[in-house]
Amino acid sequence: MATVRKNKSGNWEAQIRRKGIPPVTRTFPTKREADAFAADMEAKIAKGKSIASPDLFGVGEALEEYAAYIAKPVVIDGETVMKLDPRTGAYLNGLLPAFGKFSVGFLRAKHIKKFVDVMSVTPIPRPAHAKKAHPLYKSGETRTYAASTIRKFIYTLKSALDFHARTHGYTYDAHLFSEEKPPAWDNVRERRLEEGEEKRILEACHYVITRDESGDVTAKRERRHGETYANLVCLLLETGARLQELLLAKWSEFDLASRVWRVPKEHVKTKQGREVPLSKTAVAILEKMKNEGVPFGALPKGKAVFVSWKRICKDAQVDDLGFHDFRHECICRWVLRGGSDLQIAKAAGHDIAVMQRYAALRGRELLSFVDPT
């Protein structure tokens with residue numbers, strides 16, 4: 001039977017004892033929560049369900065089982081092996097030293113908070129293969145983990161514990177992840193294109209530019225796939241798409257007659273497909289590219305495209321500009337052209353609140369509504 005009582009610390013302890021079943025004890029800050037837990041356990045016992053204690057399982061065990069669960073089969077040298085996504089694997093490996101020694105039942109919100117506090121001041125380790133600072137990156141600077149990255153560590157831990165609890169039929173502390181986590185938008189980028197930057201970027205897409213010490217151009221030569229890079233930049237500015245959506249795009253997704261791009265959910269970060277309106281400029285670019293097999297199949301894969309982009313920005317003398325900043329710029333331009341919040345949110349694949357954060361309008365761009373025409 002279940003017993004609920006107040007302990008010396010002032011919390012409420014729910015204990016379930018049944019013959020043939022290991023006893024289960026959980027502590028709650030209020031009697032209502034303890035009673036609800038006891039009633040839930042009694043109902044599970046009555047239905048013949050497991051009421052295994054989280055004290056019997058280690059967090060490290062939960063992380064390892066979750067890693068095995070989400071691994072996918074990959075064929076390497078003719079053999080099929082289970083492989084984990086490298087980024088998720090990095091999160092799991094980062095969680096093990098901090099939580100691997102705990103049992104799931106012992107883990108508390110204060111342990112999560114301590115992990116967040118430590119990670120926020122922990123320097124990001126330099127890649128093992130990096131022998132010297134790369135001239136295109138600020139690799140010589142010491143950087144700490146961004147709040148959005150720390151959130152991904154915490155989300156991975158929660159996903160692992162949720163999976164393990166479902167698999168083994170137990171419940172863990174409902175308050176474990178109730179503490180406030182680092183805000184995902186603490187470092188909202190407001191980078192917009194400055195005057196002349198778009199022209200210089202498009203020129204650098206086409207040409208590798210050499211300059212002397214004073215910054216004057218001394219030579220130019222055609223950049224490999226220069227036209228394709230320029231088309232990529234223009235379409236990012238015209239469609240507000242994410243980089244991966246354009247790099248993975250196929251011609252079957254574009255209806256140039258109706259001026260609509262149907263982005264499949266498989267290519268979208270949020271796993272929700274959407275229809276993107278195509279401007280006349282975007283249609284003209286796509287029609288010019290139509291003889292290619294896949295719109296951007298010629299560009300390098302993986303991280304190589306970002307290295308090329310760094311070189312383009314260096315040649316254009318443009319600092320701190322990423323592909324995703326074109327999405328911000330496009331949304332701002334749509335706002336200034338009179339698009340409604342709902343229209344822009346639908347085209348961008350955001351909810352309205354996120355879209356409004358992307359619309360980093362400058363003061364001079366707000367003058368149009370100050371004075372009547």
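Is Phe254 buried or exposed, and what is its relative accessible area? Phe254 is buried, with a relative accessible area of 11%, where buried means under 20% relative accessible area, exposed means over 50%, and partly exposed lies in between (1.4 Å probe, protein chains only).

The legends below describe a predicted model, in which local features need pLDDT of at least 70 and side-chain atom pairs count only at pLDDT 80 or more, while totals for chains, interfaces and linings use all residues. Residues are numbered from 1 along each chain as its sequence is written, and side-chain values use heavy atoms, with hydrogens and water left out.

**View 1. The whole protein chain.** The protein chain holds 13 helices and 10 strands; helices (H or I, at least four residues) and strands (E, at least two) are DSSP runs, numbered from the N terminus. Of the 373 residues in the protein chain, 38% are buried. The accessible surface comes to about 22500 Å², and 53% of this surface belongs to carbon and sulfur atoms; the areas come from the Shrake-Rupley method with a 1.4 Å probe, and for residues only the protein chains shown count as cover. Among the contacts with a separation of 6 or more, 58% are made by residues 24 or more positions apart, a contact meaning heavy atoms within 4.5 Å.

**View 2. The sheet of E8, E9 and E10.** Three strands form an open sheet in the order E8-E9-E10, and their pairing is antiparallel; two strands pair if DSSP finds at least two bridges between them. The edge strands are E8 (254-255) and E10, each of which pairs on one side only. Strands E9 and E10 are joined in the antiparallel sense over four bridges, and Arg262 has Glu275 in E10 as its bridge partner. Strands of a sheet pair through backbone hydrogen bonds, either parallel or antiparallel.

View 3. Gln272 has its place in the loop between strand E9 (260-263) and strand E10 (274-277), and Gln272 counts as exposed because its relative accessibility is 57%. Although Gln272 and Gly349 are 77 residues apart in sequence, their C-alpha atoms are 7.8 Å apart in space.

**View 4. The hairpin of E4 and E5.** Strands E4 and E5 run antiparallel and are joined by five bridges, with Met82 in E5 as the bridge partner of Pro73. The hairpin has two residues between the strands, and in this hairpin Asp77 takes a positive phi near 55 degrees. Asp77 is found in the loop between strand E4 (72-76) and strand E5 (79-83), and at 77% relative accessibility Asp77 counts as exposed. Of the five residues of E4, the number buried is zero, so this strand lies largely in the open.

**View 5. Helix H7 and its two ends.** His225, in the loop between strand E7 (217-222) and helix H7 (226-239), has a positive phi of about 60 degrees although it is not a glycine, and at 26% relative accessibility His225 counts as partly exposed. In H7 itself, 12 of the 14 residues are buried, so the helix is largely enclosed by the rest of the structure; the buried residues include Tyr229, Leu232 and Leu236. At 1.5 Å a residue, H7 should span 20 Å, and its end C-alpha atoms are 20 Å apart, which agrees; the expected span is 1.5 Å times one less than the number of residues. Gly240, which follows H7, has a positive phi near 65 degrees.

**View 6. Aromatic pairs.** A search of the whole structure finds 16 aromatic pairs; rings of Phe, Tyr and Trp (its six-membered ring) pair if their centres lie within 6.5 Å, and planes under 30 degrees apart count as stacked, over 60 as edge-to-face and the rest as tilted. The rings of Tyr66 and Phe163 have their centres 6.0 Å apart and their planes at 55 degrees, so this pair is tilted. The pair links distant parts of the chain, with Tyr66 in helix H2 (residues 59-70) and Phe163 in helix H5 (residues 147-168), 97 residues apart, and both Tyr66 and Phe163 are buried. Phe254 and Trp261 form a stacked pair, 5.1 Å centre to centre with 25 degrees between the planes, and Trp261 counts as buried at 0% relative accessibility.
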